[in-house]
Each structure stands twice: as structure tokens, then as C-alpha cells.
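Please open the structure in your viewer and keep the sequence beside it.

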Amino acid sequence: MPVSFSTALRVVGTSLFALAVLGGILAAYITGYQFIHTEKHYLSFGLYGAILGLHLFIQSLFAFLEHRRMRGEGRPVRLGRSVALCIAAYQEDPDYLKKCLRSVKRIAFPDLKVVMVVDGNGPDDTYMLDIFHDVMGSEHSGSYIWRSNFHAWGEGETEAGLREGLAHVQALVRGTTYSCILQKWGGKREVMYTAFRALGDSVDYIQVCDSDTVLDPACTAEMLRILEADPRVGGVGGDVQILNKYDSWISFLSSVRYWMAFNVERACQSYFGCVQCISGPLGMYRNALLQQFLEDWYHQTFLGSKCSFGDDRHLTNRVLSLGYQTKYTARSKCLTETPTRYLRWLNQQTRWSKSYFREWLYNALWFHKHHLWMTYESVVTGFFPFFLIATVIQLFYRGRIWNILLFLLTVQLVGIIKATYACFLRGNAEMIFMSLYALLYMSSLLPAKIFAIATIKKSGWGTSGRRTIVVNFVGLLPVSVWVAVLLGGLAYTAYSQDLFSDTEVAFLVSGAILYACYWVGLFALYMAIVARRCGKRQEQCGLAFAEV
């Protein structure tokens, strides 16, 4: 199909805009132009810092405007629409699965169809089927243990048996209100494909959910409200919060990071109709669109290898590729499990980084179909880690001790500013601990992103099932190398630096005291506000729908 002149102009225009944004940031970074500075440049404020500060301000502004728009949304939902909720399950913790299914039964939406597909059909997987029957009841539910799946034959399967299984799965899903299928292991994308393919065109909308997720009763109606209000919207995601936020320090910091990611970053994207990832725990799509790209989504390849992670991000990208908008609504909520141990969290973040960089390249193909904000933000967030790594290495190997300390102070200052804004927007003092996440980003996420790029072709679920936690130490390799690089740079700088001047000594002492006071103050607040709640089951969830 020939490309129209207007489309070609938009492709050229967005490409030039992306190059201009990247070139501008690169020029500001390389030239190091400074607006103001003290004698001998102990303190300074330059163009690069101003660009990053302006980005954070604009992002926060449009997020605020989008939240104000959300509060004004209240039009009635057309209840004549049909919706199917698809739950992907893999070796789930029994307690989490029960909470998930109980919350599903409480969803305030008539005739909601529920399809749970389990990735595995062995004896170790049947407990999930038992839980499904116990919670959902047997009156309107059905189940099937499938020897195969849509793309792989099970042991001893025959062609006639495969055809019979395919027909049985489709009939069960379409003819039963609550259905559960156990199938041959194939990964999360295979599980999702089974539900989507079996449903076919039998429903208007498809909602996705993970088996460790507790859903708010109004979540379905609120997402449907967004899709029904604007036919240009192809998918919508909700506010994903943490179910086990007080289980450990890593899960608590994840909870404040989640809130920022959804209610600032994705809220801003939603203002322009270009949310770049509708998360697996809570999302909804127009089924007509989903069926249109289902096969292409499933058979996605990258560098000659079949993709088996980043399923939700690619699903979102497929919607964007058709020119449809994607939105976010904070009125639709859920709680989901997050890793409580550092290593499992690190492996999760590495897997997410792999899908981010891979999908960034795919997303760039459709910049011209959407608002320029998508192009701008993709360039800024995509290249920011590399600028940051270059800055850190340069400071630790070519700077002075004061430059390193000033950089650490600046990182935490930016974190405090963002955390203060989050406290105001959310109305919750716990968001002040978002500033602590900056250290976790610097020490762990940066090397994890580089490791993700180096191993981007490696496939798999990335984290073990929650019933049996498997420890994977591979993620420690890039972190260990990164720490060694930083310590080596610090030692080199300390050894090669000339004697400190009186002014530099004064700055060092003042900066060190300020930095120490920050950590002492945040630690005291953490012990007073957070640590006392850890382990208290009744305080695990602050939302009413968590009590299921």
C-alpha cells in the first residue's frame, strides 16, 4: 500500500523532531554550558540541568491536569456491552490466587465472563483448578485439563485429539460464565493467547489480570467508561498498587515507585493519549482490535528469536501501531504482589528493562501516528540512563571528591522535590520515601539496564512462580561490576587529587554533614512510619477491596 504524502510528512517531521530533541540534550550535555556558578565551579547550574528540571515540571503539570480531568469523569456506563476477564496463572501462591478470585467475584459488572488459563497441566498445577472451583463455585463454572496448547502438542497427543481439544476449549470458554483451563506449559504469552483465541469475537471488550492481583469492585466499569466515551481509545490501564507493601523494605520502596510511575508518568502520557504500557494486572482492550493483531502479537520476533516476555507492553504497542490512543484512569484500581527480596526484584527489573528497550524500537515506528509528546518522552527516557552512566563514570574518574559528593546531594535533592510533589498529589506523607528510591536506581537499576541490553535475546518468564521462590544470582553480576567500577573511580580520584583548599574543605564538610543529616532523618522517619507496620497482616493493604 503506497504511503500518502501526509503520512510521509508526519514520518519525516517526527523523525526530525526526535533528532532535534536528542541533539539538543546531547549538545547541552557535551558543552556543559552553565548559567551561574561560584568561583572555581564548586556550585553551578547549567543548561543540561535546566532541561531535565523543565521536563520534570512539564510532566508533573500534565499529570495534575489529567487527574483533574479524571475527577470530572462520571458519565453512566452502557451495561449492554460484554466483557471477558482473562487471568494468566503460573505456579501461583494459593493465598494470592484465592484473594484474586474472591475479588473477581465481587466485581460490580453484570454477566462478566471469567477465563483463567494456567501455564502447566501437571500434578503440581491442579491445586489452582481446585481453588478455582472452591471460590467460583460449580453452578456457572467449567474446567478442562488440556494435554496440549494452541501451538504445541502434548505427550501422546494425536491430530484428532488436538482438534477435539481445540473445539472443547473454545466451547467451554464461550459457553460458560467461569472457565478454567490447564494447558501444556508455554509461557505467559501462550496462556494469554489461549484466552484471547478461545473468546474470539464473542465479547466486546477483554480485560486482563494476573493471578496475584486483587481487583477493586469498580475496576471494570471505570475502564469501560473510558473506552465507551471515546472510540479513538483502543486500550486503557488502571492504577496498580502493591498488595504486600509492608512485607520488606524493597516491597515498600516499590510501592511508592509504582504510585509515581502510574499517577505521574502514565497520567501525563494519558493526557496525550499515548500510554506506552498497559500493565498486566489491570488493563482493558477493544476486542475487535485485539483479534485484528492477535497472531502478529503472538508470533513477535526480535533479532531472529521469538519473544516470550514484555507481553503487555507489546500488546499496548500493537494498539498504538493502529493509530488508536491508550489511556490511564486512576478511578480503576487493583493491588498486586511484588518481590520482597532484593534478588528477585532485580531479576524482575532486568526482565522489564529488556522489554522496554526492545519495545522502544518498535514504538518508534509509530511516533508519527500520535502526539509529539510520545516522541519527546521516548527520546528523553530512552537515552537518559546512558547520559547518567556517562556522568557518573566521568565524575568518579575525572572529577574531584567534592564533585562526587555534590552529585550525590543533587540526586537526593531531585528525589526530595519529586517526593514532595507526590505527597501533595496523593495526600500521603509516605511518598516522601520516594527520594530513597533514587539510590536504588543509581546502585542497581542502572547496571541492570545495561545487563538487560546485553542479554536482550534471553527468554523466559524471568522470575519464578510464587508458590516456590527460586533464587537467581545472575542479576548480581552487573551490580557487582558497577560497584567495583565506582569504588575504583573513587579510589583513583582520592589518590590523584591535589591537596584540598580551605574553601573545598569547607564545602566537603558542609556537604557531608548535609548528606548524613538526610539519611539520618529519612531513616528515623522510616522507622517511625513504616518499620512498625511491617509484618502486621491487618495493615498490608490500605484499600477496602483488599479485605477478601
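This is a predicted model: local features need pLDDT of at least 70, side-chain atom pairs count only at pLDDT 80 or more; totals for chains, interfaces and linings use all residues.

Residues are numbered from 1 along each chain as its sequence is written, and side-chain values use heavy atoms, with hydrogens and water left out.

**The whole chain.** Select the protein chain, which contains 16 helices and 13 strands (DSSP runs numbered from the N terminus: helices are H or I of at least four residues, strands E of at least two). Its C-alpha atoms fill a box of roughly 85 × 60 × 50 Å along the principal axes. Of the 548 residues, 53% are buried (under 20% relative accessible area, with a 1.4 Å probe and protein chains only).

**Helices 13 and 14.** Next, select residues 401-426 (helix 13) and 437-454 (helix 14), whose axes come within 8 Å and cross at roughly 130° (axes are lines fitted to C-alpha atoms over the stretch in contact, and angles run from 0 to 180 degrees between N-to-C directions). Show Phe407, Val411 and Gln412 of helix 13 with Ala438, Leu439 and Met442 of helix 14, which make the contact (heavy atoms within 4.5 Å).

**His67.** Finally, select His67 in helix 2, residues 47-71. His67 counts as buried because its relative accessibility is 9%. Leaving aside residues up to four places away in sequence, His67 touches Asn263, Ala267, Ala330 and Leu425.

Technical notes. Buried means under 20% relative accessible area, exposed over 50%, partly exposed in between (1.4 Å probe, protein chains only).
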